[in-house]
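Reader: Please take me through the salt bridges and the pocket of this model, giving the cut-offs as you go.

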Amino acid sequence: MLHLLFRWTLPWAMLLLLLGSQLLVTPGSRSEEEAENKYQNAMRSYFLGTVEYALHIFNLQSNDTRAYRLVRILNSRRELSLEKNTMAFSMELQLRRTRCGKFDDDIDNCPFQESSGQNNIITCFFIISTDEPWGTVFYLLYKTCLEGFH
């Protein structure tokens, strides 16, 4: 009889042991998930700041009197330099010419220029570095653009 009782006790004891450890791990996993979500949201906001900076620099350096606005982000990557304590984002952006001048207010809401004879879409690759991503200190490390590629 004792042999039969022991045979059923062992699987239940193992099950309780496994479930008990799962219950102990679950709250930690949730806080790790929340921390990861906060980190990803912070990285997203830092990245959007670098995209805005890249577009600003593009419009400042452009010989065109019209402003360009972001159509879409084609590709992006984040790189960290621990020895320099900096973060860099490389990004490929598709930009389109607007009806507004490049120094007008509220370029973000300016309508795109409609043109049948002129290709007004530009694809650019930028590398933007920052040592204070939470602030507004950005550095343009590299920029190259190709007109008409989309």
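Reader: Are aspartate 64 and arginine 97 buried or exposed?

Author: This is a predicted model in which local features need pLDDT of at least 70 and side-chain atom pairs count only at pLDDT 80 or more, while totals for chains, interfaces and linings use all residues. Residues are numbered from 1 along each chain as its sequence is written, and side-chain values use heavy atoms, with hydrogens and water left out. On the scale used here, buried means under 20% relative accessible area, exposed over 50%, and partly exposed in between, with a 1.4 Å probe and protein chains only. By that scale, aspartate 64 and arginine 97 are both buried.

Reader: How far apart are the closest N and O atoms of aspartate 64 and arginine 97?

Author: A salt bridge requires a side-chain nitrogen of Lys or Arg within 4 Å of a carboxyl oxygen of Asp or Glu, and aspartate 64 forms one with arginine 97. The pair links distant parts of the chain, 33 residues apart, with aspartate 64 in the loop between α1 and β1 and arginine 97 in strand β2; here helices (H or I, at least four residues) and strands (E, at least two) are DSSP runs, numbered from the N terminus. The closest N and O atoms of this pair are separated by 2.6 Å.

Reader: Which residue meets arginine 96 in a salt bridge, and where does that residue lie?

Author: The side chains of arginine 96 and glutamate 114 meet in a salt bridge at 3.3 Å, N to O. Arginine 96 belongs to strand β2, so the pair ties together parts that are 18 residues apart in sequence. The partner is glutamate 114, in the loop between β2 and β3.

Reader: Which element gives the largest share of the lining of the largest pocket?

Author: A pocket is an open set of points on a 1 Å grid over the protein atoms alone, where a 1.4 Å probe fits, with protein on both sides within 12 Å along at least five of seven lines, and lining residues have an atom within 4 Å of a point. The largest pocket is lined by 17 residues, of which Glu52, Leu55, His56, Ile107 and Asp108 lie nearest its centre. The largest share, seven residues, comes from α1.

Reader: Where is glycine 135 placed?

Author: With a relative accessible area of 24%, glycine 135 is partly exposed. Its C-alpha atom is separated by 9.0 Å from that of glycine 49, 86 residues apart along the chain. Glycine 135 is placed in the loop between β3 (121–132) and β4.
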